[in-house]
Every structure is written in C-alpha cells, then in structure tokens.
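Here are a few friendly notes to read alongside the model. Take them one at a time, and keep the 3D view open as you go.

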Amino acid sequence: MYDDVSFNSEGADLRGRHYCQPDGPKPTVIMTHGTTATITMVVDSYAEAIFAAGFDVLLYDHRNFGRSDGTPRQEINPWVQARGYRDAVAFLREKQPDNPIALWGDSYSAGLALVAGALIDDIAAIVAQIPVCGAAFPQGLTDDGALEIMKEIFAQGDVSGGPEQTVGPMPVVSPDQLNNPSLLTPIQAFRWFIEHGGQHGTRWENWATRVIPDTPVACNPYVTAPYLTMPVQMMVGRNDEMVHCNPDIQRAVFDRLAGDKEFVEIDGGHFGLLWKASAAFDLAVNQQIKFLTRVFQNSRMI
C-alpha cells in the first residue's frame with residue numbers, strides 16, 4: 001500500500017509513508033499529525049481512506065517526533081513544523097514537478113497547514129481538520145506587510161527561540177492537573193492520548209517541550225488567511241474543549257480566507273473525529289474526500 005520514505009528538513013531526516021496509486025501519479029495529499037502524536041495514531045486511518053478514494057498520500061512524522069530524526073526530541077516549534085510541509089512539497093516536486101499537491105493537517109498541524117499554504121507556491125488545496133488558530137487574536141502585525149515578513153522568517157529567519165519562549169519539558173497529558181499539570185489539560189485529551197499513544201509501536205512519548213519563538217509576525221493562520229486563494233476546507237469540532245481552538249478565532253480565520261472555502265462542523269469536540277471506526281470519523285473523512293474530489297474533478301489525473 002505504501003513505500004517507506006524520508007526527506008531532509010532543517011538538517012534532519014523526516015520519515016513517513018508514500019501511498020502511490022498503481023496506475024500512475026495522482027494529486028497528492030501531504031498529511032501529518034497534531035501536537036506530539038505520531039502518524040500511527042489515527043492519522044494513518046485518514047491517509048488510508050483518502051488513498052482508497054484515488055489520491056496519492058505522503059504521510060510523515062514531524063521533526064523530533066515518532067520515526068523522524070531531529071533534536072531536541074519531543075520539541076514542538078511551529079516554524080520548524082511549517083518548514084516540514086515546505087520540504088515535503090520539495091521532496092514530491094523533485095520526483096513529479098507537475099503533480100498537484102494539497103496540504104492536510106490535524107489540530108496543531110492544521111493551523112500550520114493554513115500558514116504554510118500561503119508561504120509555499122502553488123498549493124492546490126488545504127484540508128484543516130480541527131485547526132488550532134489560537135486562544136485569542138495574535139499580537140503584533142497581522143495585515144499590511146505581515147506576509148512579506150513571514151516569508152523572510154519562513155525562508156531563513158532564526159526561529160530557535162529561548163528559555164523565555166519555552167514551556168517544558170512536561171507531560172503531554174495527565175489525569176491530575178492539580179498535582180501533575182500537563183501541556184494539554186482536558187481529560188478528553190488524556191483519554192485519547194493514553195488510548196492511542198499507549199498502543200504498541202506508536203513511538204509516542206508522554207512528555208514534550210513547546211517553543212514559540214518571539215518573531216515580528218506570529219506563525220498564525222489569522223495572518224495568512226487573506227492570502228490563501230486555493231480551495232480550503234476548515235473542519236471544526238462542535239464545543240471543542242481545547243483552549244487554543246477558540247471557535248471565535250477559528251471563524252475569524254475562515255471569514256478572512258480569500259478563495260473557495262467550506263466550513264464543516266462535526267460533533268464530538270476536539271477528539272470525536274479522532275476515534276476511528278466511529279460515526280464522527282466516517283463523517284469527517286467522507287466530507288474531506290468529497291471536498292478533495294470536487295477540487296480535483298477537472299483534473300485528468302483522477
């Protein structure tokens with residue numbers, strides 16, 4: 001069904017799976033996971049369903065996580081992860097220069113897909129599943145001139161951050177926020193991560209460090225939304241319990257999108273559609289396949 005592949009990003013090899021249709025190249029969906037998860041924690045089930053619908057898929061672990069290389073281990077940095085999308089695109093285009101590419105992200109990576117899509121040339125579509133758009137509107141420059149500054153940061157800016165921009169190391173999830181606080185606080189997060197990350201072979205670890213570099217423009221989809229002219233499907237969880245999935249900010253990002261756009265709301269909060277073999281999962285992936293099929297229906301490649 002897939003080939004194991006790797007490509008370089010920020011001096012580290014990112015590893016994943018390349019699902020290729022047997023009858024030749026098809027539009028490719030680049031997919032990666034959310035905060036601290038790995039590709040074998042339900043995202044692979046989305047990849048398999050999208051592949052079965054007739055698309056190629058490149059699915060990979062973020063730098064510092066899962067099967068991918070990179071240090072410090074378990075460190076989240078939004079700019080570094082956004083550059084991972086850039087380097088995944090470059091990897092595919094070296095092989096198939098004219099093949100259409102869509103970006104797909106879940107949770108934290110969904111917000112980053114909405115950033116990277118404005119900073120990488122010729123992205124054909126974006127699926128942003130339960131995107132992290134922020135607990136509040138980003139501080140600093142968000143409009144005139146912001147995109148050009150973001151492009152410079154994305155291309156060559158120093159995004160290493162420092163101690164004052166670093167949280168952790170600390171547990172990803174915990175059942176006891178009073179005595180053992182964690183990066184993600186809702187009990188629903190604990191239940192999902194322990195159930196899925198605790199399965200054999202996922203390579204998930206229950207600790208992480210988060211670095212948010214102090215850059216002149218925030219790495220935030222609210223800034224990039226007006227420059228996303230490709231079709232975008234934003235899929236949100238009704239009554240999302242994660243503080244950084246503020247529905248007002250998600251809606252504001254959606255309203256600023258410049259191109260063909262589709263807003264889908266799914267029951268089950270943040271994690272409902274991340275339980276495979278569930279009604280929410282089936283509804284979510286079928287809506288995504290319909291969207292991708294519509295976007296590429298005029299292409300002779302599908």
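This is a predicted model: local features need pLDDT of at least 70, side-chain atom pairs count only at pLDDT 80 or more; totals for chains, interfaces and linings use all residues.

1. Which strands pair with strand 10? Strand 7 (residues 125–129) runs parallel to strand 10 and is joined to it by 4 bridges. Within that pairing, I126 has V232 as its bridge partner. Strand 11 (residues 261–266) also pairs with strand 10 in the parallel sense, over 6 bridges. There, M235 stands opposite V264.

2. Now follow the chain around strand 10. Together with helix 7 (residues 247–256) and strand 11, strand 10 makes a β-α-β unit, and this unit is right-handed.

3. Next, the backbone. Most residues other than glycine have a negative phi, and most peptide bonds are trans. It is worth looking up the exceptions described in this point and the following one. V42 is not a glycine, yet its phi is positive, about 80°. You will find V42 in the loop between strand 3 (28–32) and helix 1 (43–52). R203 also has a positive phi, near 65°, and is likewise a residue other than glycine. R203 sits in the loop between helix 5 (187–197) and strand 9 (208–211). Are these two residues buried or exposed? V42 has a relative accessible area of 1%, so it counts as buried. R203 has a relative accessibility of 51%, so it counts as exposed.

4. Two cis peptide bonds deserve a look as well. T71 and P72 are joined by a cis bond with omega about -5°, and P72 is placed in the loop between strand 4 (56–60) and strand 5 (75–76). G168 and P169 are also joined by a cis bond, with omega about 5°. P169 lies in a strand, namely strand 8 (residues 166–170).

5. Finally, the cysteines. How many disulfides does the structure hold? The count is 0. C133 is in no disulfide, because the nearest cysteine sulfur, that of C245, is 7.1 Å away, and a disulfide needs the two sulfurs within 2.5 Å. C133 is buried, with a relative accessible area of 1%. C20 is partly exposed, at 32% relative accessible area.

Technical notes: Residues are numbered from 1 along each chain as its sequence is written. Side-chain values use heavy atoms; hydrogens and water are left out. Buried means under 20% relative accessible area, exposed over 50%, partly exposed in between (1.4 Å probe, protein chains only). Helices (H or I, at least four residues) and strands (E, at least two) are DSSP runs, numbered from the N terminus. Two strands pair if DSSP finds at least two bridges between them. A crossover is right-handed if, with the strands pointing away from the viewer, the path from the first strand over the helix to the second runs clockwise.
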